[in-house]
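Please read the following note with the model open beside it. The points run from confidence and overall make-up to individual residues.

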Amino acid sequence: MEKMEKESLTAQSSPENTPEKPELNERVGIAEAILFVTGNAIEKREMCSAMNLTEQELDETLDELESGYDFDRRGLRLLRFGQHVQLATRPDYAKYVEKLLQPV
């Protein structure tokens, strides 16, 4: 292997190239942004990869996101099914959403 290739491989795997793990409050915002943009269910492993988290760290993040939605009775809620997660609207507010989308 050429010297330049070896240096490139070393640089790619060095610790300084690994992104730092954000604090919990920032992870919650990142997870929310990812879920919002995808619009559909996403596999937890994909989120772990994108956020550089373990599954346990992601679960902690999702727990925090979900509790914030529930505590504040916000318009969104977090759905979890198997290894997938998704944002959805809170069913309590469906009549208002329907009124906007299907005017009389």
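The numbered points below describe the model and the basis of the values.

1. Basis. This is a predicted model, in which local features need pLDDT of at least 70 and side-chain atom pairs count only at pLDDT 80 or more, while totals for chains, interfaces and linings use all residues. Residues are numbered from 1 along each chain as its sequence is written, and side-chain values use heavy atoms, with hydrogens and water left out.

2. Confidence. The mean pLDDT (the predictor's confidence in each residue, from 0 to 100) is 86 for the protein, and 82% of the residues score at least 70. Helix H1 (residues 3–13) has the lowest confidence, with a mean of 49, and strand S1 (residues 42–43) the highest, at 97. Over residues 8–15 pLDDT stays under 50, and the model has 3 contacts beyond four places in sequence for that stretch. Contact here means heavy atoms within 4.5 Å. Where pLDDT is low, the predicted coordinates should not be read in detail.

3. Make-up. The protein has 5 helices and 3 strands, in the order α-α-β-α-α-β-β-α from the N terminus on. Helices (H or I, at least four residues) and strands (E, at least two) are DSSP runs, numbered from the N terminus. Of the 104 residues, 22% count as buried. Buried means under 20% relative accessible area, exposed over 50%, and partly exposed in between, with a 1.4 Å probe and protein chains only. Among contacts between residues at least 6 apart in sequence, 44% join residues at least 24 apart.

4. H3 against H4. Two packed helices are described by the angle between their axes and the distance between the axes. The axes of H3 (residues 44–51) and H4 (residues 55–71) come within 10 Å and cross at roughly 100°, which makes H3 roughly perpendicular to H4. From H3, Lys44, Met47, Cys48 and Met51 make the contact, and from H4, Glu55, Leu58, Asp59 and Leu62. These residues divide into 5 nonpolar, no polar and 3 charged. Axes are lines fitted to C-alpha atoms, for helices over the stretch in contact, and angles run from 0 to 180 degrees between N-to-C directions. Angles under 35 degrees count as roughly parallel, over 145 as roughly antiparallel, 65 to 115 as roughly perpendicular and the rest as oblique. For the residue classes, Ala, Val, Leu, Ile, Met, Phe, Trp, Tyr, Cys and Pro count as nonpolar, Asp, Glu, Lys and Arg as charged, and the others, Gly among them, as polar.

5. H2 against H4. These helices pack at an angle of about 80°, with their axes 9 Å apart; H2 and H4 are therefore roughly perpendicular to each other. On the H2 side the residues are Leu24, Arg27, Val28, Ala31, Glu32 and Leu35, and they meet Glu57, Glu60, Thr61, Leu62, Glu64, Leu65 and Tyr69 of H4. The contact of H2 with H4 divides into 7 nonpolar, 1 polar and 5 charged residues.

6. Thr61. Apart from neighbours within four places in sequence, Thr61 is in contact with Leu24, Arg27, Val28, Ala31 and Leu53.

7. Met47 touches Ala31, Ile34, Leu35, Ile42, Leu58, Leu62 and Val85, not counting residues up to four places away in sequence.

8. Leu76. This residue is in strand S2 (residues 76–81) and counts as partly exposed, at 28% relative accessibility. The C-alpha atoms of Leu76 and Ala88 are separated by 5.6 Å, with the two residues 12 apart along the chain. Beyond four places in sequence, Leu76 is in contact with Tyr69, Leu87, Ala88, Thr89 and Arg90.

9. Positive phi. Asn52, which is not a glycine, has a positive phi of about 60°. Asn52 is in the loop between H3 and H4 and is partly exposed, with a relative accessible area of 28%. Arg73 is a residue other than glycine with a positive phi, near 55°. Arg73 lies in the loop between H4 and S2 and counts as partly exposed at 42% relative accessibility.
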